[in-house]
Amino acid sequence: MRTMSQTEQDAGAARTRKPRIAVVFGGRSTEHGISCATAGSVLQAIDSQRYDVVPVGITRDGRWVLESADPQRLAITSRDALPHVDDARATVTLAQQDSVSELVVHEASAVPRTLGEVDAVFPLLHGPWGEDGTLQGLLEMAGVRYVGAGVLASAVGMDKHYMKLVLQAHGLPVLPYTVITARAWERDRAAVVETVDSLGYPVFVKPARGGSSIGISKVHDRATLAAAVEEAAVHDPKVLVEVSAEGGREVECGVIQGFGTNPPDASVVAEIAVDPTHEFYDFAAKYLPEENTSLTVPADLPDALSARIQELSVQAFEVLSVEGLARVDFFVLPDERVVINEINTMPGFTPSSMFPRMWDASGLAYPELVDRLIQLALQRDTGLR
Ligand SMILES: Nc1ncnc2c1ncn2[C@@H]1O[C@H](COP(=O)(O)OP(=O)(O)O)[C@@H](O)[C@H]1O
Ligand SMILES: [Mg+2]
């Protein structure tokens, strides 16, 4: 009787075992806590009958650890108590063994043990070192499939400056803006201020590669510009200043890649209205339940306007070569012109976040959404696509 070779046994095991999904969260950006909250929900939603799930936390200083999948531990309870990855846990590394990538756990005074081959990574990271192409680059180098946008689309989507350049180059509408580099601000502040003056106040001052409204201010006059630039520069040496969409409505649309050669799908459009105590959709209005932010899903808009927003969302997804998922955010100006504010390649992903809610209202419930994203990742090629 012929016995199976090791290779044949491995291939058989790969076919019969459940795909192993590493859910990676936390990370080095200011959105660490939000990422943990998202992970708590996704870990709960992944079907453990179908997938073998490994929770991998990245600590604030960048160490990868084997985390707990306890959703209670990862929930947001207040602004002062955002969840975080536990620094005391065992280190996990991604190691290549015989051309497959495995997760290896290193516990104090124990022999490193493998958790087995990783079939796909679900990177639930927001902001720099996660949503910006850096983690995606590491996974590309390791030949590991992952959910969501690749290196270039992640990097361009993260950087509000380059995102606008690419959108503009494809004729997609964005608000007028200027970019302030650390060097220009140090060397020729008067010229920078003059450029901002010429945009016309009020303006929004933002870290170019930020998120969750952290470091963003609305500036009403020249006198308060410097403080806002310095505040944004705490988070990113590159600062974006943009004309305010005065009197505009804030709407968003979800996009998911199609299977195979199918085009991307757009969700229903949703509207955000913040309580008048907030000047804009700031951190508290985004995440703290008591702040009375109203999310209307679907938005009450004329059909033609919703269709235009969906079409622009798919176009933005395609011109930026996004894969997997994205949320595209817009302003509808008082004259009904629509402008793209930004694209998020890893949007907030708790069940109460906009992206899952828009998909739920479009007929794709949270667990199905999570499953579709994992399936898209498992089916895609590694390398240049
Ligand atoms: N040009 C603008 N006009 C009006 N509101 C703006 C403008 N830019 C940003 N905002 C407000 O600030 C919020 C956060 O800005 P955004 O560019 O989306 O940054 P983030 O990546 O942190 O979400 C927006 O949701 C909106 O409420
Ligand atoms: Mg935003």
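Okay, let's start with one residue: Lys206 counts as buried, because its relative accessibility is 6%. Buried here means under 20% relative accessible area, exposed means over 50%, and partly exposed is in between, with a 1.4 Å probe and protein chains only. Before I go on, this is a predicted model, so local features need pLDDT of at least 70 and side-chain atom pairs count only at pLDDT 80 or more, while totals for chains, interfaces and linings use all residues. Residues are numbered from 1 along each chain as its sequence is written, chains are lettered from A and ligands numbered from 1 in the order in which they are written, and side-chain values use heavy atoms, with hydrogens and water left out.

Back to our lysine. Lys206 sits in strand β9. When I say helix or strand, I mean DSSP runs numbered from the N terminus: H or I with at least four residues for helices, E with at least two for strands. What is Lys206 in contact with, leaving aside its neighbours within four places in sequence? The list is Lys160, Ile216, Ala232, Lys238, Val239, Leu240, Glu242 and Asn341, where contact means heavy atoms within 4.5 Å. With Glu242 there's also a side-chain to side-chain polar contact of 3.2 Å. A polar contact is a pair of N or O atoms within 3.5 Å; within protein, one must be able to donate a hydrogen and the other to accept it, and residues adjacent in sequence count only if both atoms are side-chain atoms.

Now the ligand. Ligand 1 has 20 residues around it, and Lys160, Lys206, Ser213, Glu242 and Glu250 come nearest; being near takes a heavy atom within 4 Å. By class, that shell is made of 8 nonpolar, 6 polar and 6 charged residues. For the classes, Ala, Val, Leu, Ile, Met, Phe, Trp, Tyr, Cys and Pro are nonpolar, Asp, Glu, Lys and Arg are charged, and the others, Gly among them, are polar.

Let me go through some oxygen atoms of the ligand. One is 2.6 Å from an N or O atom in the side chain of Lys160. There's an oxygen atom 3.1 Å from a polar backbone atom of Tyr281. And an oxygen atom is 2.8 Å from an N or O atom in the side chain of Lys286. How much of ligand 1 does the protein bury? Taken alone the ligand exposes 540 Å², and the protein buries 95% of that. Those areas come from the Shrake-Rupley method with a 1.4 Å probe; for residues, only the protein chains shown count as cover. The elements giving two or more residues to the shell are β9 (203-207), β11 (239-243) and β16 (338-344).

Let's zoom out. The chain has 12 helices and 16 strands. The C-alpha trace spans about 80 × 50 × 40 Å along its principal axes. Of the 385 residues, 52% count as buried.

In α3 (residues 134-142), the buried residues are Leu135, Gln136, Gly137, Leu139 and Ala142. They pack against β3 (64-66), β4 (91-97), β5 (100-106), β7 (120-124) and α4 (151-158). Just after α3, Gly143 has a positive phi of about 70 degrees. Then there's Thr38, in helix α2 (residues 32-45). Thr38 is buried, because its relative accessible area is 1%. Leaving aside neighbours within four places in sequence, Thr38 is in contact with Leu124, His126, Phe349, Thr350 and Tyr366.

Most residues other than glycine have a negative phi, and most peptide bonds are trans. Which residues does a cis peptide bond with omega of about -5 degrees join? One such pair is Tyr201 and Pro202, and Pro202 lies in the loop between α7 (189-199) and β9. The bond from Val297 to Pro298 is cis too, with omega near -5 degrees. Pro298 is in the loop between β14 (294-296) and α10 (303-319).

For positive phi, there's Ser321, near 55 degrees, in the loop between α10 and β15 (325-332). Ser321 is partly exposed, at 45% relative accessible area. Glu336 also has a positive phi, near 70 degrees, and lies in the loop between β15 and β16.
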